[in-house]
Amino acid sequence: MTKWVFTFGDGRAEGRAGDRNLLGGKGANLAEMCSLGLPVPPGFTITTEACNWFYANGRAYPDGLREEVSAALAHLAALTGRRFGDPERLLLVSVRSGARASMPGMMDTVLNLGLNDVTVEALAKESGDARFAYDSYRRFIQMYSDVVLGLDHEVFEEILGDRKAALGFEVDTELSADDWRGIVQLYKAKVEEELDRPFPQQPEEQLWGAIGAVFSSWMNHRAITYRRLHDIPESWGTAVNVQAMVFGNMGDSSATGVAFTRNPSTGERALYGEFLVNAQGEDVVAGIRTPQNITEAARIAAGSDRPSLEKLMPEAFAAFVSICGALEKHYRDMQDIEFTIERGKLWMLQTRSGKRTAKAALKIAVEMAAEGLIAREEAVTRIDPLSLDQLLHPTIDPKAKRDVIGVGLPASPGAATGEIVFSSDVAEDMKAQGRKVILVRVETSPEDIHGMHAAEGILTTRGGMTSHAAVVARGMGKPCVSGCGSLRVDYKTGTLIALGRTFSKGDIITIDGATGQVLAGATPMLQPELSGDFAAIMEWADGIRRMKVRANAETPADARMARSFGAEGIGLCRTEHMFFDGERIVAMREMILADTEADRRAALAKLLPMQRSDFVELFEIMAGLPVTIRLLDPPLHEFLPKTEEEVAEVAASLNVSAEKLRQRTEALHEFNPMLGHRGVRLAVSYPEIAEMQARAVFEAAVEAGKRTGAPVAPEIMVPLVGLVKELDFVRARIDAVAKAVMAESGATIDYIVGTMIELPRAAIMADVIAGSAEFFSFGTNDLTQTTFGISRDDAASFLETYRQRGVVEQDPFVSLDIEGVGELVKMASVKGRTARNGLKLGICGEHGGDPASIRFCETVGLDYVSCSPFRVPIARLAAAQASIRGK
């Protein structure tokens, strides 16, 4: 019989940390902390399996769940001496979500559940504090109405704001018990007015409403968006955690806070966090009040005049520091912890591995390895390869003039420039238009996740370092400045007022997530340097990985960048990219328009020295590392003008008639160029093109060898081969040119010739093709296109719909389709190496920089992956992690 509910409390728990798939991360860690003897409010967890059952059965609950929840409530009563719904021995609970993967702020929470018109008086009497009781009740009404009943919380914020203004108050803590009583009545009246029914008074009805709302929140818009951005499967579901309430809003000896055991932005080994006195948890993350620093050192560094937790509640602080150390040592990772202090008593509400910037992740991993908490191999696996993109964000040039219009908190590192937008929907629309924006909000909420993803950076006027904006921005690797209280945002007029200056939607600003500064206009940026902790992790990764990492590069700038990021050669030099500039495009067009082979060769002779000089520079930069040069791949019409105006201009420059140019363009027109006259087919039709390119390669190899004193061993790659006779035909020309250049120069050139595997037929016939090819490079961009029968350029119109409707989990052009395309790669690898022992295998499509695809490449036994220069660090780390997983 399926068990749906697991209890924890009083040092005992039915689950442990290893049960996160069943209990979710929050539930598993609550059970673990309880088993460790830490002060955890007792409670129970409804499993993720119940959530999946809920969705599979029309949002109904499984048989036996209600009985198990009743038994768990009875267990809770036995532990606490209190009973749910009993005014004489009042037990209130919180209801929180908890998926196996941390999804901060994406799903729903209800606090103070069990309060009603009767139990609020009981709470007031027991606590001796009517103000606390009615403050808790109004919070419950607001939260429950929003989460369960669907009445937006802004409705209640407006009521509260109006009452504070009428009373002349600035902050909530100024309101008395009678003030809160009046607000509760206004809240209840609003619920009945809007929903045509009174606010529910039965605690059991409240509980099941909250449980259903948490399950339902797994499929809300913001959770779906977050899962898509972080590759979290829908099938995981969420657990529901029900816990006895502890109160941080029970007067000045109570508090609530959030802390990290190390700095999540920098990785510094120091307690980092914030708290609020006389508050509940949502006050800290919502940014409604500006929080205080936990440690005295952080307070001094921030220049705050409000006391730290260390000074205000030294005993609770000391206990908290001790627990933080124990949790970090137990989990062997930086922890993100939520806590409440109720009248001096410390309670732990949550621990989880803390989200961190890439910079912090590197520092924490390196230092924990040095401390002996983890091994170097584990340190390498602790870094998300894709997060290294964060390190490539620009920073503001120290020499740049700064027109500072505001200073907030440096919530997420990096700098960004863009147009001001005040709405997440507008941010997304402008991103789709190719415009860069800064999302400016009073505060962000989970509903803003799509706008935050679209923006270059985020700026808020409220909230602290652990606010929603800060946590989500760090996870996304977006620069963020939060809590910039000197700025005023007016959504109605679409303006930002700063130091007496008014900025409107579309105006350019820059934010500096390292200093918290907001600057007017665009500011010069510097590219980052990768060293220190990054260098240590990369060195460890390089010592672990089996596969080599090359770069796709054809310009000297790209080649140098690739080398600076640790590329071990060039895996794809797309020679066609060298023909589009200045004199080169003129000579290329002359060649295309030529009527005879002699005329084509004359035009190609003009291209030869240009192509040769390009290759010399690449060979010199790579300094003996392998360079794979792909012969001309795209169809010739791509080099010809498109519009009538361009036709007239080009015709005049080439001294030919516009009509001749038009006729040639029409003759080269293809209905499906992707499958047309391109790649090896051009080399068969016009072997003189391949001969010119081969000569440029070989002459450059000789010249670069002389200059550097080191031999150059070029790899010439013939694209789009489907028939071995195609490769044989072109290879014969390449070999003949090589023989001629060696005779002319007196030098020996150690070269190899191979092909790209881009067609299903090539994969099927790989054993035959390997008889003529000395290496295979899988061009997975085209192999994906030809396997699926999908044009990559047109697929965006429907692939996202496919993903949303569960037809595909991921875009196959982003992450390799292992079942289909991957099977062809595996087949070709096995067949190729069976026919030619030691056949060199690599991948040079965009998948070469995708960690999931790299893991697959390791299982197949490829020798290298090749990716864009900025993805090289990602590929190096992903290749090391793939090696570790393969052991």
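1. Ala 587 counts as buried because its relative accessibility is 3%; buried here means under 20% relative accessible area, exposed over 50%, and partly exposed in between, with a 1.4 Å probe and protein chains only. The residue is found in helix H21, residues 582-593. Helices (H or I, at least four residues) and strands (E, at least two) are DSSP runs, numbered from the N terminus. Leaving aside neighbours within four places in sequence, Ala 587 is in contact with Ala 603, Lys 606 and Leu 607, where contact means heavy atoms within 4.5 Å. Ala 316 lies 271 residues from Ala 587 along the chain, and their C-alpha atoms are separated by 78 Å.

2. On the basis of these values: this is a predicted model, in which local features need pLDDT of at least 70 and side-chain atom pairs count only at pLDDT 80 or more, while totals for chains, interfaces and linings use all residues. Residues are numbered from 1 along each chain as its sequence is written, and side-chain values use heavy atoms, with hydrogens and water left out.

3. Helix H1 (residues 20-35) spans only 15 Å between its end C-alpha atoms, whereas a straight helix of 16 residues would span 22 Å at 1.5 Å a residue; the expected span is 1.5 Å times one less than the number of residues. H1 has a kink of about 80°, centred on Lys 26. The bend at a residue is the angle between axes fitted to the seven residues ending there and the seven starting there. H1 is largely enclosed by the rest of the structure, because 12 of its 16 residues are buried. Lys 26 is one of the buried residues, which also include Gly 24, Gly 25 and Gly 27. After H1 comes Gly 37, with a positive phi near 85°.

4. An open sheet is formed by six strands in the order E2-E1-E3-E8-E6-E7, with antiparallel pairing. Its edge strands, E2 (12-13) and E7 (109-113), each pair on one side only. Two strands pair if DSSP finds at least two bridges between them. Four bridges link E1 (residues 5-9) and E3 (residues 43-46) in the antiparallel sense, and Phe 6 stands opposite Thr 45. E3 is also joined by four bridges to E8 (residues 238-244), again antiparallel, with Gly 43 opposite Gln 243.

5. Which way do the residues of E3 point? Gly 43 and Thr 45 point one way, Phe 44 and Ile 46 the other, and all are buried. In a regular strand the side chains alternate between the two faces of the sheet.

6. The largest nonpolar core has 102 residues, and Phe 615, Phe 619, Phe 698 and Ile 734 have the most contacts inside it. Such a core is a set of buried Ala, Val, Leu, Ile, Met, Phe, Trp, Tyr and Cys residues joined through side-chain atoms within 4.5 Å. A second, separate core of 84 residues includes Phe 54, Val 69, Tyr 134 and Trp 180.

7. Thr 784 is found in helix H30, residues 780-788, and counts as buried because its relative accessibility is 0%. A polar atom of its side chain lies 2.6 Å from the backbone oxygen of Thr 780. Beyond neighbours within four places in sequence, the contacts of Thr 784 include Pro 812, Phe 813 and His 847.

Technical notes
A polar contact is a pair of N or O atoms within 3.5 Å; within protein, one must be able to donate a hydrogen and the other to accept it, and residues adjacent in sequence count only if both atoms are side-chain atoms.
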